Amino acid sequence: MHTANHLQSVSRWVIFILALGAGFSVAALYYAQPLLPLMGADLHLSIEGMGLVPTLTQAGYALGILFLLPLGDRHDRRTLILLKSAALALFLLGCSLTGSLHSLLLVSLLMGMAATMAQDIVPAAAILAPEGKQGKTVGTVMTGLLLGILLSRTVSGVVGDAFGWRVMYQLASASIAMIGVVLWAVLPRFTAHSTLSYPALMRSMEQLWRRYPALRRAALAQGFLSVAFSAFWSTLAVMLLERFHLGSAVAGGYGIAGAAGALAAPLAGGLADKLGAGKVTQLGALMVTVSFALMFLMPALGVHGQLILIALAAVGFDLGLQSSLVAHQNLVYSLEPQARGRLNALLFTVIFIGMALGSALGSKIYTLAGWSGVVALATACGGIAFLIRLSESARVKRLSVASR
């Protein structure tokens with residue numbers, strides 16, 4: 001009996017380290033956002049120059065997801081995680097030493113690519129999960145990842161204000177070096193599932209996309225939810241400043257409200273294990289839609305009421321978004337376990353296209369139609385995702401009736 005408990009405690013410890021690793025590595029994408037004014041003043045950058053920093057970091061991440069993640073099916077994931085953590089620690093350190101816009105942009109792109117170690121960690125967690133606990137385990141690691149996204153801005157704003165932006169990147173570099181060493185120590189070796197050459201691996205992704213309608217629907221539904229999420233977060237600070245004369249610290253505070261929603265990701269994973277992932281994706285998409293739709297009530301409220309409503313909506317839609325993301329990952333991983341790296345790459349490529357679209361559309365619509373335009377866009381995207389999930393469950397029902 002003692003050994004079973006011991007095994008459980010070891011796996012819990014490993015899962016905790018994986019969650020930390022996912023959080024710290026993905027945070028590298030977001031440290032720059034509150035630091036841009038400090039970087040701009042230090043390196044004499046234009047507004048456009050500053051804007052290119054997060055854009056290139058995200059672009060690097062998208063490229064890394066598409067071109068580096070499939071390697072997880074071909075090579076030992078433990079080695080990949082070690083190599084990426086070493087590269088990421090170096091690029092973060094390099095960023096803190098940079099003296100010009102060009103070197104800053106190059107390092108930002110490379111940093112984004114190395115930060116995809118977060119996406120090697122998630123399938124690793126799915127592989128190590130005990131039988132029947134896959135959803136809960138992936139949910140726990142995703143919580144680490146999401147807290148990394150939501151809290152990195154708050155942390156880097158505070159550290160940057162107190163010690164300058166370069167110190168923030170040096171601390172980030174040290175944190176990745178440390179977590180990389182710990183991950184190397186605690187992770188077992190992973191067997192490679194595929195013997196395909198790299199070009200064949202890339203070609204097989206197209207075949208996977210065609211072969212699994214469930215993958216296409218999962219990616220599209222989560223992609224629409226990402227458009228809504230990104231449109232909200234990319235325009236919130238501007239709206240708070242224009243309408244309520246509130247600074248970026250308050251916008252960072254709303255990130256903490258969102259983090260409260262993200263903490264429920266393991267619950268969603270547990271629910272997916274019990275109810276089935278399809279049901280949880282529907283509930284998640286419905287929550288996102290309703291949370292955004294509630295913001296149509298803002299004109300009827302006073303200033304405090306409006307600010308509280310935005311916070312409640314942020315908790316609600318973050319909870320819905322993360323729940324459906326964890327359930328979608330569960331769905332996609334179960335299609336072909338030996339192709340998890342490639343399936344994850346396809347899912348997240350579409351999600352990041354959604355994120356980029358959301359930023360672009362959100363800013364454009366905010367300029368044309370104000371905050372209510374952004375709320376309408378987000379609500380519509382949530383609704384579309386919900387309909388995609390409903391049509392999928394109807395399709396599954398039809399197939400199961402036909403096969404009887």
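Helix α4 buries Arg77, Arg78, Leu80, Ile81, Lys84, Ser85, Leu88, Ala89, Leu92, Cys95 and Ser96 (buried means under 20% relative accessible area, exposed over 50%, with a 1.4 Å probe and protein chains only). These residues lie on the same side of α4 because they cover an arc of only 160° around the axis, taken from the directions from the helix axis to the C-beta atoms. The model is predicted: local features need pLDDT of at least 70, side-chain atom pairs count only at pLDDT 80 or more, and totals for chains, interfaces and linings use all residues. Residues are numbered from 1 along each chain as its sequence is written, and side-chain values use heavy atoms, without hydrogens and water.

**Helix α4**
- Leu83, Leu90 and Leu97 are exposed on the other side of α4.
- Asp76 caps the N-terminal end of α4, with a side-chain oxygen 3.0 Å from the backbone nitrogen of Arg78 (a polar contact is a pair of N or O atoms within 3.5 Å, one able to donate a hydrogen and the other to accept it; residues adjacent in sequence count only if both atoms are side-chain atoms).
- The charged end of Arg78 sits over the ring of Trp184, 3.6 Å from its centre (the criterion is NZ of Lys or CZ of Arg within 6 Å of the ring centre and within 35 degrees of the ring normal).

**Aromatic pairs**
- The whole structure contains 12 aromatic pairs (ring centres within 6.5 Å, using the six-membered ring of Trp; planes under 30 degrees apart are stacked, over 60 edge-to-face and the rest tilted).
- Trp165 and Tyr169 form an edge-to-face pair, at 6.1 Å centre to centre and 80° between the planes.
- Both Trp165 and Tyr169 are buried.
- Phe229, Phe232, Trp233, Phe292, Phe317 and Trp371 are linked into a cluster by ring pairs.

Key: Helix = DSSP H or I, 4+ residues; strand = E, 2+ residues; numbered from the N terminus.
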